[in-house]
Amino acid sequence: MEKISLGAGCFWCIEAVLQRMKGINRVKSGYMGGHVKNPPYREVAMGTTGHAEVVEVEYDPSIVKIEEILEVFWNIHDPTTLNRQGYDVGTQYRSAIFYYTEHQRLVAEEYKMQLDKMEIFENPVVTEITPAGEFYPAEVEHDNYYNDHPEQPYCNIIIRPKVEKFNKLYPDKRKEN
């Protein structure tokens, strides 16, 4: 197993998508990249700790390659907006890749460069690519949020379209139900 931590705005969104991807064994919401030990959600959400909302992704590289995970990552959020995803604004919602291996760093940097070179997006990709630091798990009520609260307006309006986009674009990468 390998792991990588990814920030793509609200961690509930990326968690909901990556939970459905073959080869991904665990997706845990949490915080990384800040200056406060064991930050609580309320402080992270206020933007005072420097942390990004992330998911720590544990995956089996014999089933899913890091390139595939990053392809989904870059397709389910807007990596060109600095410190914001939709209505979520602040450094805690930044687009970020926190890598654990040199291979992950090289793949992420090359991929990001190719996205810009090929002008896949209208604006340059601003995704931060940084060595992983201390991962602080989010409070348990954030785990499996979309699956546990599909009736919530945020889940319906913001997360569901991302899950549907993943299902449409990557039917071959979806886990069997």
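Modeller: Ser5 stands opposite Glu56 in strand 3. The model is a predicted one, in which local features need pLDDT of at least 70 and side-chain atom pairs count only at pLDDT 80 or more, whereas totals for chains, interfaces and linings use all residues. Residues are numbered from 1 along each chain as its sequence is written, and side-chain values rest on heavy atoms, with hydrogens and water left out.

Around that pair, strand 1 (residues 2–8) and strand 3 (residues 52–59) run antiparallel and are joined by 5 bridges. Strands here are DSSP runs (E, at least two residues), as helices are (H or I, at least four), and both are numbered from the N terminus; two strands count as paired if DSSP finds at least two bridges between them. In general, the strands of a sheet pair through backbone hydrogen bonds, in either a parallel or an antiparallel manner.

Buried means under 20% relative accessible area, exposed means over 50%, and partly exposed lies in between, using a 1.4 Å probe and protein chains only. Among the buried residues of helix 1 are Ile14, Glu15, Ala16, Val17 and Leu18.

Aromatic pairs come next. Rings of Phe, Tyr and Trp (its six-membered ring) pair if their centres lie within 6.5 Å, planes under 30 degrees apart being stacked, over 60 edge-to-face and the rest tilted; by this rule there are 7 aromatic pairs. Phe11 and Tyr41 form a tilted one, at 6.2 Å centre to centre with 35 degrees between the planes. That pair links distant parts of the chain, as Phe11 belongs to helix 1 and Tyr41 to helix 2 (residues 41–46), 30 residues apart. Phe11 is buried at 0% relative accessibility, whereas Tyr41 is partly exposed, with a relative accessible area of 25%. Trp12 and Tyr154 form an edge-to-face pair, 5.7 Å centre to centre and 80 degrees between the planes. Because Trp12 lies in helix 1 and Tyr154 in helix 6 (residues 153–169), this pair ties together parts that are 142 residues apart in sequence. Trp12 counts as buried at 12% relative accessibility, while Tyr154 is partly exposed, with a relative accessible area of 23%. Ring pairs also link Phe11, Tyr31 and Tyr41 into a cluster.

The cysteines complete the picture. A disulfide is a pair of cysteine sulfur atoms within 2.5 Å, and the structure holds 0 of them. The sulfur of Cys10 has its closest cysteine sulfur in Cys13, 4.8 Å away, which is too far for a bond. Cys10 is buried, with a relative accessible area of 6%, and Cys13 is buried too, at 4%.
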